[in-house]
Amino acid sequence: MKKFRGCLAVLILATVCICSSSAQASQSEVDRLKQESENASNAVNQINDTKKQVEDAKEQLEDQADSLSGQITSLNNQITTVTGEISATEEDIATVEADIETLNQQLTDTQASLDEQKEYMKVRIQYMYENQSTNTLVNFLESGSMADFLSRLEYAAQITAYDQKAVEKFEATEQQLEETKAAIQEKSEELSAYQDNLESKKTQLGTLVNSTSTALNTTNSQIADTQEAIAELEKQLEEAKAYEQKIQKQYQDAQVALAEKLAGEQGGYSGGYSTTDEETLLLAALIQAEAANQGDAGRLAVGSVVMNRVASSKFPNTVSGVIYASGQFAPVTSGRVAIILAEGPNSACQYAAAQAIAGNTNTDALFFCTYTYAQALHESQVAAGQSGFLDRTAGTVINAHYFYNYK
């Protein structure tokens, strides 16, 4: 925001309506508008700060939503993998059950063969006993010769050995089948347990997906809320900025009106004021803050304005009274003058202050501002249908400043 430099300082908020003719011109009104302008600027800053906080919160929520979406994708991929494992396990279980069924059939067939073989043995043994084919003496007596006797004994022994081997073979086969069946049943139980574990894992993953999806929905809702809050804050910010500009314009106009009111007489300090060393340094500090880079003429002109005011009945009659008057010099309000005083004004500005106090002034102006500001103010007033600022003043440009009185 633009300011008068050294004349009618800081621009702020107020509710005074400025008519095309003139603004209220009391010092109290200027002070009130200054406070209102500061309040409006603070309101704009506060809305900006709040908007930044909400935008940061929205960014964090968006990061959280991205993370939750990634978690859901990962969980769904895990569910897909587990589902595939469940299907493969079900196929393995089906295969094992088919093997068990096959083994059961083989056991049944083997048991049937064993039972049949045992039945044949019983029949043969019964036959041999009934026919006394096992009686050695009978066989010997019935045999026509020793060779026939031995042949009979060998035949009986072969039959007995065959039956014994057959029984042992069937029993071994039965035991092997039982062992294989037991191993396959154990594998089936392991597969069933693994399947149960997979189903449990799938259920847990599904629960996680549901809870994460709920969290994501909540986060997205919060993002929408913050977006609405940002939109509302942007609207408030636009209104606050418009109000700030309006009040700053009213404050500027009130400052100008007050200056016109105070400008009932034109300056012309020619010396004779007795100052203290402290006041001389104070004036030097103000000159340094306002015109340190404006050359000898520019520095002296600022000091001349202060001394012209001291000599005017419309302003305080002391250097400190003029400089510390409310709302007059921006560097006083900003604290710049106090800093320079603490460090000590430079020699060029002290010289300019001494020359002005001695009455060696180079302007009778009571006011000054930057020429850029004066030109801009003139153009804005002309555009508003008013008499322009430069048309209502008589002044001199010294370097970057415009020193003036009202006509």
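Okay, so let's start with helix α4, residues 277–291, and helix α5, residues 295–311: their axes come within 9 Å and cross at roughly 130°. That angle makes α4 oblique to α5, since oblique covers whatever is left after under 35 degrees (roughly parallel), over 145 (roughly antiparallel) and 65 to 115 (roughly perpendicular). The axes are lines fitted to C-alpha atoms, for helices over the stretch in contact, with angles from 0 to 180 degrees between N-to-C directions.

Quick background: this is a predicted model, where local features need pLDDT of at least 70 and side-chain atom pairs count only at pLDDT 80 or more, while totals for chains, interfaces and linings use all residues. Residues are numbered from 1 along each chain as its sequence is written, and side-chain values use heavy atoms, leaving out hydrogens and water.

So which residues in α4 meet α5? They are L283, L286, I287, E290 and A291, and on the α5 side you'll find G298, R299, V302, G303, V306 and M307; contact here means heavy atoms within 4.5 Å.

Now, the rings. The whole structure has 10 aromatic pairs, meaning Phe, Tyr or Trp rings (six-membered ring for Trp) with centres within 6.5 Å; planes under 30 degrees apart are stacked, over 60 edge-to-face, the rest tilted. F367 and Y404 are a stacked pair, 5.7 Å centre to centre with 25° between the planes. F367 sits in strand β1 and Y404 in strand β3, so the pair ties together parts 37 residues apart in sequence. Ring pairs also link F315, F367, Y371, F389, Y402, Y404 and Y406 into a cluster.

Technical notes
Helices (H or I, at least four residues) and strands (E, at least two) are DSSP runs, numbered from the N terminus.
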